[in-house]
Structures are given as structure tokens and as C-alpha cells.
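Please read the following report alongside the sequence and the coordinates, which are shown directly below.

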Amino acid sequence: MKKSRVMWLVMALLLFFGVSTGSFATTAQAQEGKTYQIATDITFAPFEFQNSKGQFVGIDMDLMAAIAKDQNFSYEIKPLGFNAAVQALQSNQVDGVIAGMSITDERKQTFDFSKPYFDSGVVMAVKQDNDTVKTYEDLRGKRVAVKTGTEGYTFADSIKDKYGFTMVPFDDSSQMYDDVKTGNSVACFDDYPVLAYGVTQNTGLKLVTEKEPGGSYGFAVSKGQNQELLQKFNDGLANLRSNGEYDKILEKYLGKDGKGVVTEKLSRWELIQQSFPYLVDGLLKTLLYTIVSLFFAFILGLIFGFMKVSHNRILRGIATVFVDVFRGVPLLVLAFFIYFGIPGALGFTMPLFVASILALSLNAGAYVTEIIRGGIQSIDRGQMEAARSLGLPYRTAMIKIIIPQAVKLMIPSFINQLVITLKDTSILSAIGLVELTQSGKIVIARTLDSFTIWLMVALMYLIVITILTKISNHIERKVSNG
């Protein structure tokens with residue numbers, strides 16, 4: 001394939017991916033002005049989650065939509081997860097965060113908050129059939145699950161020494177609930193409306209304590225920035241409270257008694273049917289990320305691979321540094337550094353898909369470099385010496401004699417790297433990349449059925465990787481026999 005055709009293919013893939021990624025964003029349109037980037041969690045029902053139609057819903061999402069309409073501004077939701085959303089705001093990747101974020105004195109040093117839009121409180125929940133843990137004193141010597149960054153985490157941390165229990169932190173509420181249901185932890189702490197909502201959705205938990213006084217939730221912007229957006233939020237919130245829209249939104253998700261709205265539990269087959277299209281969409285994005293990142297990784301591998309076998313010590317040194325750095329830094333750390341660290345330090349905004357492709361390409365490129373180096377150096381040096389003695393230039397000898405033989409040896413390693421990169425895309429769900437794993441998390445946040453969804457996700461990975469391996473093995477046999 002000619003270079004121009006390859007580049008057009010890559011541009012088409014990126015364009016398609018950009019459009020596809022945009023399908024996950026909810027945008028409130030206004031007549032004019034800036035479109036604000038708002039980060040959220042989307043795994044924190046009933047405040048933010050994604051329904052079966054792929055729409056962002058919940059108290060926070062409905063409030064944001066109503067306030068934007070009232071104040072006539074546009075916004076785009078960035079589903080990053082709580083920790084990633086906070087880091088994105090710190091690095092100015094987004095303009096604001098609405099994610100059930102408690103207003104604390106510590107956070108006020110970094111962020112400016114709106115007026116409180118919800119007053120929360122903390123409760124403790126245990127497994128439904130657990131009749132031994134009823135008070136904090138019963139937690140002594142046991143493990144307690146908490147979600148990082150929440151009021152429940154803060155409260156549990158404040159009493160853990162007094163009651164002698166160990167905290168086990170999780171990033172998602174569903175993971176915290178599962179840890180209790182499986183018996184690894186005896187209880188969990190979380191905000192009252194979140195746990196109450198979960199109980200109504202058949203999480204298998206029950207509340208055993210009265211609500212403790214908790215903090216208030218607020219909309220956050222970076223310190224000293226986006227004050228106009230903050231004022232619009234406050235003004236819109238005041239209008240919603242006065243016209244009754246605020247109470248309607250709360251009642252929609254919490255019911256009149258504030259204990260949640262009970263919904264009919266889906267059967268396992270109904271859940272599979274409902275979730276399958278959404279997970280398939282996540283799988284397609286996983287494949288697209290893998291293909292595009294491996295394309296660039298292969299280019300990097302060719303460049304640095306030939307540099308590593310070069311006679312020039314400087315080129316070999318540069319290639320060695322490249323491999324050592326990007327093979328030595330964990331992919332998750334690299335992704336955080338690229339998406340949060342660099343933009344925050346240099347003061348610019350980086351699109352999520354660019355950061356993800358960059359992280360995957362650099363990581364895979366380091367391994368591809370070593371694959372190419374190893375393949376070339378595995379060919380007997382006598383063949384190069386024989387070619388040169390016959391008068392062939394070094395470059396011609398490499399292209400005509402060494403590389404064709406090396407490629408046959410490299411194919412199994414390339415197949416292995418393809419599989420590794422495909423699975424590595426799941427790591428990037430930590431920075432908000434919506435691929436197959438993140439799609440699974442989003443579905444679980446709504447359905448709270450971890451077993452069924454993770455089984456579906458695992459089977460999808462297994463089927464795709466098995467098919468790719470079979471295809472690659474067929475290609476390997478054809479090349480070897482040819």
C-alpha cells in the first residue's frame with residue numbers, strides 16, 4: 001500500500017473515531033458563546049450514570065441540563081470517573097466538575113465551588129443477610145470498603161482508629177458493593193442517597209446506621225478561573241429552586257421519602273439483551289484504538305529499531321533511551337503524565353483520544369523497537385558479510401537479504417504485541433477512555449450486576465483475541481511457507 005493511501009486510511013480512522021467518541025458526549029446547545037467542558041463520574045447513581053439508551057442521567061446531569069437551559073450556555077459532558085475528573089480540572093483539561101463533589105476546606109484551596117446544591121450524609125451498609133454487624137463497634141478488627149474521594153471515605157477515615165477497622169479503597173461504587181457482597185469486607189460507607197438508591201436497585205445490601213451529618217455537594221471550577229460559568233451555575237440553581245424544578249429533579253431519582261425510586265429488576269437474559277449493543281460499541285472502539293496505536297507504534301519501532309542496529313553510537317544511544325524510558329514507565333503512569341501532567345504544566349488542552357493514542361503508541365513502540373532489533377540481529381552476521389563481499393551496499397543487503405528473513409522471525413512477536421496492546425486499552429479507562437472495559441463499568445453503575453456484565457466483557461475479549469490470534473497464525477504460516 002502506498003504511503004499516501006496509508007495516511008488517508010489513518011486520517012479516516014481518526015476522523016471516524018473522533019465522531020464516534022463524540023457520540024458519548026451530551027451537549028446542551030445554546031445560541032452563541034463558549035461550549036464548556038464539564039467532567040463527571042457517571043458511575044455514581046443516582047447523581048450521575050448512563051441509562052440503557054446511552055444518555056447521561058441522574059440528579060447532577062439533570063441539574064446541569066436545566067441550569068444550562070435557564071442560563072443559555074452550552075456544555076459538553078466528559079465521562080472521566082471521579083479521580084480523573086478532579087485531575088482534569090486541576091490540569092485545566094476541563095472547565096468544571098459536577099460529580100457529587102463534597103465541598104471541603106482542603107478542596108477550597110484548589111477549587112472554587114458553587115453554592116451547595118445538595119446536602120448529603122453518610123450511612124453504613126452491610127450484606128443483606130449479615131445480622132452480626134449493626135454498629136461501628138462491630139467493625140473492630142475487620143475490613144471496611146470505601147470509595148476514594150467521597151464523604152464516606154472521609155467519615156470512615158475519621159473513625160477507623162477509634163473503632164479499629166481497616167479501610168479498603170475503591171474507585172467505583174459497584175466495586176465497593178461487590179467487596180461487601182463477596183465477604184471480603186463486612187461493611188461499606190457511602191453517601192446516604194447513593195447507598196439508599198443502591199438498596200432499591202437490589203444491590204444485596206442493607207442500611208444499618210442512621211445518617212451521619214455530612215458535607216454538601218457543589219459544582220467546582222479551578223481556583224480563580226471560569227468565574228462566569230460559576231456565577232451562571234449559582235444563578236440557574238437559584239432559579240430552579242424558586243420555580244420548583246429543583247424539587248422535581250430530586251423527587252425523580254430519590255422519591256418523595258428520599259430513599260430512592262424502586263425499579264423492577266431485569267432478568268439476566270433481559271440485562272444481556274439490553275447491554276450487548278452498548279458493549280459491542282465499546283469493543284469496536286477498543287479495536288480502533290488498537291489498530292491506530294499499533295500503526296504509529298510500528299512506525300516508531302521501525303525508526304528506533306534500525307537506530308538500535310546502526311553503526312552510529314549516538315543513534316544507538318538515542319534508541320536505547322527511548323526503549324528504556326517507555327518500556328520502563330508503566331502505561332497507566334504514562335497515560336496520566338500525558339493527559340494530566342503535560343497539559344497542566346504547559347497550559348494547553350489535549351483531547352482524550354490523542355492522549356490515549358500517544359500513550360499506547362509510545363508504550364507499544366518501545367516493544368516493537370526491541371522486536372525489530374531482535375529479529376535483525378538474529379540473522380547470521382555471515383550473510384551480511386557475504387553480501388558485502390559480493391559488492392552489495394549495506395542498505396541493499398539489509399532490504400534484500402536480512403530484513404525478509406527477519407520479518408518471518410518477527411511475526412510471532414508482532415502477534416503477541418497486538419494482543420497485549422488490545423488488552424492494554426483497558427488500562428486507559430482510568431483516564432476516562434470509553435472502550436470495552438469502561439463500557440462495562442458504566443453498565444454496572446446502572447445495573448449493579450457485576451457478574452453478568454464482567455462475564456460478557458471477558459467473553460468479548462476472549463473471542464476477539466482468539467480470532468485475531470487464529471488469523472495471525474494463518475498469516476504466519478503463509479509467510480513461512482512462501
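## Strands, surface and contacts

β10, helix α5 (residues 151–163) and β11 together make a right-handed β-α-β unit; right-handed here means that, with the strands pointing away from the viewer, the path from the first strand over the helix to the second runs clockwise. This is a predicted model, in which local features need pLDDT of at least 70 and side-chain atom pairs count only at pLDDT 80 or more, while totals for chains, interfaces and linings use all residues. Residues are numbered from 1 along each chain as its sequence is written, and side-chain values use heavy atoms, with hydrogens and water left out. Helices (H or I, at least four residues) and strands (E, at least two) are DSSP runs numbered from the N terminus, and two strands count as paired if DSSP finds at least two bridges between them.

Strand β12 (residues 187–191) is itself mostly covered, as five of its five residues are buried, where buried means under 20% relative accessible area, exposed means over 50%, and partly exposed lies in between (1.4 Å probe, protein chains only).

A separate open sheet is formed by three strands in the order β3-β4-β5, with antiparallel pairing. Because β3 (43–44) and β5 (56–57) stand at the edges, each with a single partner strand, one side of each is left without a neighbour in the sheet. Two bridges join β3 to strand β4 (residues 48–50), and F44 stands opposite E48 in β4. The loop between β3 and β4 contains P46, and the peptide bond from A45 to P46 is cis, with omega near 10°.

N72, in the loop between α2 (59–71) and β6 (74–79), has a positive phi of about 60° although it is not a glycine, and N72 is partly exposed at a relative accessible area of 40%. N226, in the loop between β15 (220–222) and α8 (227–243), has a positive phi of about 50°, again without being a glycine.

A search of the whole structure finds twelve salt bridges, each being a side-chain nitrogen of Lys or Arg within 4 Å of a carboxyl oxygen of Asp or Glu. Some of them are listed here.

| Salt bridge | Closest N and O atoms |
|---|---|
| E76 with K78 | 3.5 Å |
| R140 with E137 | 2.8 Å |
| K285 with D281 | 3.4 Å |

Of the residues in the table, K78 is partly exposed, with a relative accessible area of 28%. R140 is partly exposed at 41% relative accessible area, and E137 is partly exposed at 42%. K285 and D281 are four residues apart in helix α10 (residues 268–308), and are therefore separated by about one helical turn. K285 counts as buried, at 4% relative accessibility, whereas D281 is partly exposed, with a relative accessible area of 27%.

For residues 318–342 the span is 92% helix and 0% strand, with its end C-alpha atoms 22 Å apart.

A nonpolar patch on the surface is formed by F451, L455, L459, L462, I463, I467, I471 and I475, which together have about 770 Å² of accessible area. Patches are made of residues with over 30% relative accessible area and no salt bridge, like charges being joined within 9 Å and nonpolar side chains (Val, Leu, Ile, Met, Phe, Trp, Tyr) within 5 Å, and the areas come from the Shrake-Rupley method with a 1.4 Å probe, for which only the protein chains shown count as cover for residues. I475 lies in helix α17 (residues 450–481) and is partly exposed, with a relative accessible area of 45%.
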